[in-house]
Amino acid sequence: MDTINQNKSSDLLSDLHETANLEHASKGQRFANLLIDAIIVGVAQNILAAVLTLGMMESVILSLVINLAYYTVMEGYAGGRTVGKMVTGTHVVSTNGVPLTTGRIMLRTVCRWVPFEPFSMLFGDAPWHDTWTDTAVVKGK
């Protein structure tokens with residue numbers, strides 16, 4: 001009986017160590033993710049704006065909706081991966097080991113809309129949208 005309890009404890013601890021030992025994606029991988037995903041979102045926005053013959057304000061709103069939908073669907077239902085992350089072999093995880101929720105993914109996306117947020121990676125270890133939502137982009141999967 002003690003052996004079974006010890007095995008369960010060591011299994012739980014090994015899961016915690018796996019989360020803590022993940023290797024963060026490089027800045028080059030993060031930039032590639034940004035570039036690939038921006039191209040996909042931009043193409044989708046431009047096609048829809050042209051088909052729907054939208055004005056400037058409607059195009060901006062459409063862009064935000066597409067951006068939110070893209071990241072929410074991809075990171076929420078593709079294991080924390082967007083197309084860019086699939087290409088670079090990375091995925092997003094929470095830093096505290098809690099599974100990502102749709103709300104956290106949506107908040108992470110909205111944080112990307114803060115002016116100059118894309119430049120936050122240049123001045124620290126992680127961009128603001130990761131820091132503010134306790135998430136990280138890591139290698140693997």
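This is a predicted model: local features need pLDDT of at least 70, side-chain atom pairs count only at pLDDT 80 or more; totals for chains, interfaces and linings use all residues.
## Nonpolar core

The largest nonpolar core has seven residues: Val-41, Ala-49, Leu-62, Ile-66, Tyr-70, Tyr-71 and Met-74. Helix 2 (27–52) and helix 3 are the elements that give two or more residues to this core. Helix 3 supplies the largest share, with five residues.

Leaving aside residues up to four places away in sequence, Val-41 touches Ile-66, Asn-67 and Tyr-70.

## Salt bridges

The whole structure contains six salt bridges. A network of salt bridges links Arg-30, Glu-75, Lys-85, Arg-108, Arg-112 and Asp-130.

Arg-30 pairs with Asp-130 in a salt bridge whose closest N and O atoms are 2.8 Å apart. This pair links distant parts of the chain, as Arg-30 in helix 2 and Asp-130 in helix 6 (residues 128–131) are 100 residues apart. Asp-130 also meets Arg-108 in a salt bridge, at 2.6 Å from N to O. Because Asp-130 lies in helix 6 and Arg-108 in helix 5 (residues 102–111), the pair ties together parts that are 22 residues apart in sequence. Asp-130 counts as buried at 2% relative accessibility, and Arg-108 is buried with a relative accessible area of 1%.

A further salt bridge joins the side chains of Lys-85 and Glu-75 (3.0 Å, N to O). Lys-85 lies in helix 4 and Glu-75 in helix 3, so this pair ties together parts 10 residues apart in sequence. Both Lys-85 and Glu-75 are buried.

## A buried arginine without a salt bridge

Arg-81 is located in the loop between helix 3 (56–77) and helix 4 (83–88). Arg-81 is buried yet has no salt bridge, and Glu-75, the nearest side chain of opposite charge, is 10 Å away. A polar atom of the Arg-81 side chain lies 3.5 Å from the backbone oxygen of Thr-90.

Notes:
Residues are numbered from 1 along each chain as its sequence is written. Side-chain values use heavy atoms; hydrogens and water are left out. Helices (H or I, at least four residues) and strands (E, at least two) are DSSP runs, numbered from the N terminus. Buried means under 20% relative accessible area, exposed over 50%, partly exposed in between (1.4 Å probe, protein chains only). Lys and Arg count as positive and Asp and Glu as negative; His and the chain ends are not counted. A salt bridge is a side-chain nitrogen of Lys or Arg within 4 Å of a carboxyl oxygen of Asp or Glu. A polar contact is a pair of N or O atoms within 3.5 Å; within protein, one must be able to donate a hydrogen and the other to accept it, and residues adjacent in sequence count only if both atoms are side-chain atoms. A nonpolar core is a set of buried Ala, Val, Leu, Ile, Met, Phe, Trp, Tyr and Cys residues joined through side-chain atoms within 4.5 Å. Contact means heavy atoms within 4.5 Å.
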